[in-house]
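I opened the model today to look up a few local features. My notes follow the structure.

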Amino acid sequence: GLRQFLTSAVFSQDAAAAETEAIAKLRAAGGLVLEIAQNDNRLDVSFLSAQGKVTDDVIAPVQAIGRLAHLNLRSTEITDAGLVAVGKATSLIRLHLEKTKVTDAGLAHIKPLANLEYLNLYGTEITDAGLAHLESLSKLKTIYLWQTKVTDAGVMKLQQALPMLKIIRGT
């Protein structure tokens, strides 16, 4: 009844406050936080123009952003440890991890991203073992794997698990 309503209202206020604080932290670190479109208040977070090192600590606030849809960590200093926070941002649809230090172990942390449709792993040390962590991401539509350590066998196994997935390996 009323108590439950009040509890959820307080929770949503707390969540909104936490989100506002997280956005402020990301912006202070040089992150760009933008709404996807005028009629879509989900957020796009990127660090493409950030001056200075973008590390696991810098990106940790993303886990408090309930409407995070796109996260671009291309060419940042993040590691597998940073993906623990990313894996808690379950609203994510697009994730750019190209040219980062993430490995197979890190991909285990993004298993909770059930809404993920796009994943870019170009220029990482990912192997077939990492791809195995992605087999449960049933909404995944596109994955980029050029300049990784994956093999034909690993790619085939992922394709069998996710038949609709477009796997782009480059030439």
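**Aromatic rings**

The model is predicted, so I kept to its thresholds: local features need pLDDT of at least 70, side-chain atom pairs count only at pLDDT 80 or more, and totals for chains, interfaces and linings use all residues. Residues are numbered from 1 along each chain as its sequence is written, and side-chain values use heavy atoms, with hydrogens and water left out.

I then listed ring pairs (rings of Phe, Tyr and Trp, the last by its six-membered ring, with centres within 6.5 Å; planes under 30 degrees apart are stacked, over 60 edge-to-face, the rest tilted). The count is three aromatic pairs. Y118 and Y144 make a tilted pair, 5.6 Å centre to centre with 50° between the planes. Y118 is in strand β5 (residues 118-120) and Y144 in strand β6, 26 residues apart; helices (H or I, at least four residues) and strands (E, at least two) are DSSP runs numbered from the N terminus.

Y122 and W146 are also tilted, with ring centres 4.1 Å apart and planes at 50°. Y122 lies in the loop between β5 and α5 and W146 in the loop between β6 and α6, so this pair ties together parts 24 residues apart in sequence. Y122 is buried at 12%, while W146 is partly exposed at 28%. I noted Y118, Y122, Y144 and W146 as one aromatic cluster.

R94 lies over the face of Y118, 3.9 Å from the ring centre (the rule is NZ of Lys or CZ of Arg within 6 Å of the centre and within 35 degrees of the ring normal).

**Helix α6**

Which residues of α6 (152-161) are buried? I found G154, V155 and L158. They cover an arc of only 100° around the axis, which puts them on the same side of α6; the arc is taken from the directions from the helix axis to the C-beta atoms. The opposite face carries the exposed residues D152, A153, M156 and Q160. The cover over the buried residues includes α5 (128-132), β6 (142-144) and β7 (166-168).

**Positive phi**

I noted S75, not a glycine, with phi near 60°, in the loop between β3 (68-72) and α3 (82-86). K99 also has a positive phi of about 60° and is in the loop between β4 (94-96) and α4 (104-107).

Methods:
Buried means under 20% relative accessible area, exposed over 50%, partly exposed in between (1.4 Å probe, protein chains only). Contact means heavy atoms within 4.5 Å.
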